[in-house]
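Here is a short report on one protein model. Keep the sequence and the 3D view open while you read.

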Amino acid sequence: MDLRPLALGNLPLATPLFLSPLAGYTNLPFRLVIRELGSVGLCTTDLVNARSLLEKNRKALKLIESSPADTPLAVQLFGADPGEMRAATQYLESVGVASVDVNMGCPVRKVCQVGGGSAMMTELDRTAALVRGMVDAVKIPVTCKMRLGWDDQNITAPELARALEDAGAAAIMVHGRTRQQGFDGSVNLAGIRRVVEAVRHIPVIGNGDITTPQAARVMLETTGCAGVSMGRGAFYNPWIFAHTEHYLRTGQLPPEPAFAERLRVMNRHLDLMIEVFGEKMGCTMFRKIGPWYAKRFGPASHFNKGIVKIATRADYDALVENYAAWRRQFLDAEGELLPKYAPLPMGLNFHDHETDAPGQAEPAVTQRTAIPVPAGPNELW
């Protein structure tokens with residue numbers, strides 16, 4: 001499959017593969033891990049409250065923290081006041097952000113009650129005017145992330161996408177669910193295709209349940225979208241961008257990373273968490289992250305019981321050393337997992353993927369089919 005070049009207005013991208021914002025997770029350390037593994041075209045921050053940013057709130061500034069290696073970077077803003085959104089966009093341009101994304105898809109009540117997130121999909125004229133004000137105030141591209149609509153009776157995405165294109169938006173990113181669905185149910189690929197057909201010139205980026213290269217290909221081929229954006233899928237598998245690019249170009253799936261490579265990347269992620277947040281906070285935050293790496297370790301109960309207790313890097317190092325020794329009982333003479341303990345192959349998407357090895361009772365965190373996120377726009381979690 002040919003990967004066509006993609007640009008957001010005047011911003012060229014290396015690939016049409018995007019890291020979606022995921023509240024509490026897509027911070028600077030994770031973005032750097034993703035970039036080091038390769039093939040991501042654009043990374044986006046967690047959603048940031050425009051007013052908090054203008055007030056120079058410490059937590060809001062931490063959300064947009066970046067580094068020279070973290071480029072190109074988009075910041076996702078939420079808010080309903082046109083003046084605040086315009087001023088926040090100008091501020092972000094002044095500090096070197098490459099693009100601003102307007103959140104019109106967040107389904108949480110706290111965001112919608114103030115007129116942000118999915119609530120913006122119910123007032124098309126007002127929303128288009130807000131975006132026009134942002135576009136006119138800066139030279140960097142302004143994009144919009146939306147859902148298909150408020151509920152099944154109010155599918156407004158195609159009409160809104162056309163209005164936003166007229167307002168100057170550089171791209172539309174659409175999650176194939178309604179606000180009412182939250183993250184439940186199936187992604188509506190036909191609904192995304194209708195958004196693709198509604199716009200005339202700007203790219204539409206598909207999002208939702210893309211947790212494997214095969215799912216990315218299905219999204220591209222079925223909807224006709226210009227690119228795909230991965231959030232939970234990227235956290236589930238940090239290699240997904242490199243694997244997806246390889247698969248789309250060659251038709252061949254790369255082999256899964258070996259255990260040693262998974263440990264290397266997990267160690268790097270923790271190092272960056274400590275560098276950015278400090279040892280105490282970095283280790284505490286990593287308690288929620290470590291088990292997601294462990295999903296492909298094979299039997300991981302020993303690791304998962306220990307990772308939720310780490311307080312220092314020394315704690316973590318001791319845990320990994322002890323876990324590696326414990327894990328040897330499940331290996332063959334060549335050091336590979338015995339077949340009965342090996343994780344099942346990755347499914348097509350997030351909903352049909354099974355992770356637990358047969359006969360292994362793992363902690364609940366490793367059995368989840370969704371990453372828990374804050375119930376509102378927490379600036380730091």
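Cysteine 225 is buried, at a relative accessible area of 7%. Buried means under 20% relative accessible area, exposed means over 50%, and partly exposed lies in between (1.4 Å probe, protein chains only). Cysteine 43 is also buried, at 0%. A disulfide is counted when a pair of cysteine sulfur atoms lies within 2.5 Å. By this rule the count is zero disulfides.

This is a predicted model: local features need pLDDT of at least 70, side-chain atom pairs count only at pLDDT 80 or more, and totals for chains, interfaces and linings use all residues. Residues are numbered from 1 along each chain as its sequence is written, and side-chain values use heavy atoms, with hydrogens and water left out.

**Helix α7**

Helices (H or I, at least four residues) and strands (E, at least two) are DSSP runs, numbered from the N terminus. Helix α7 spans residues 157-166, and its buried residues are Ala157, Pro158, Leu160, Ala161, Leu164 and Glu165. They cover an arc of only 165 degrees around the axis, so they sit on the same side of α7. The arc is that of the directions from the helix axis to the C-beta atoms. The buried residues of α7 pack against β6, α6, β7, β8 and α8. Contact here means heavy atoms within 4.5 Å. After α7 comes glycine 168, with a positive phi near 105 degrees.

**Histidine 243**

Histidine 243 lies in helix α11 (residues 240-250). Histidine 243 is buried, at 13%. Leaving out residues up to four places away in sequence, it touches Pro213, Asn237, Pro254, Pro255 and Pro257.

**Two helices side by side**

How do α12 and α16 run relative to each other, roughly parallel or roughly antiparallel? The axes of α12 (residues 259-277) and α16 (residues 313-327) come within 12 Å and cross at roughly 170 degrees. The two helices are therefore roughly antiparallel. Angles under 35 degrees count as roughly parallel, over 145 as roughly antiparallel, 65 to 115 as roughly perpendicular and the rest as oblique. Among the residues making the contact are Phe259 and Leu263 of α12 and Tyr316 and Val320 of α16.

**Backbone angles in loops**

Most residues other than glycine have a negative phi, and most peptide bonds are trans.

| Residue | Phi |
|---|---|
| Serine 39 | about 80 degrees |
| Lysine 56 | near 55 degrees |

Serine 39 is in the loop between α1 and β4. Lysine 56 is in the loop between α2 and α3. A cis peptide bond joins threonine 71 and proline 72, with omega about -10 degrees.

How values were computed: Axes are lines fitted to C-alpha atoms, for helices over the stretch in contact, and angles run from 0 to 180 degrees between N-to-C directions.
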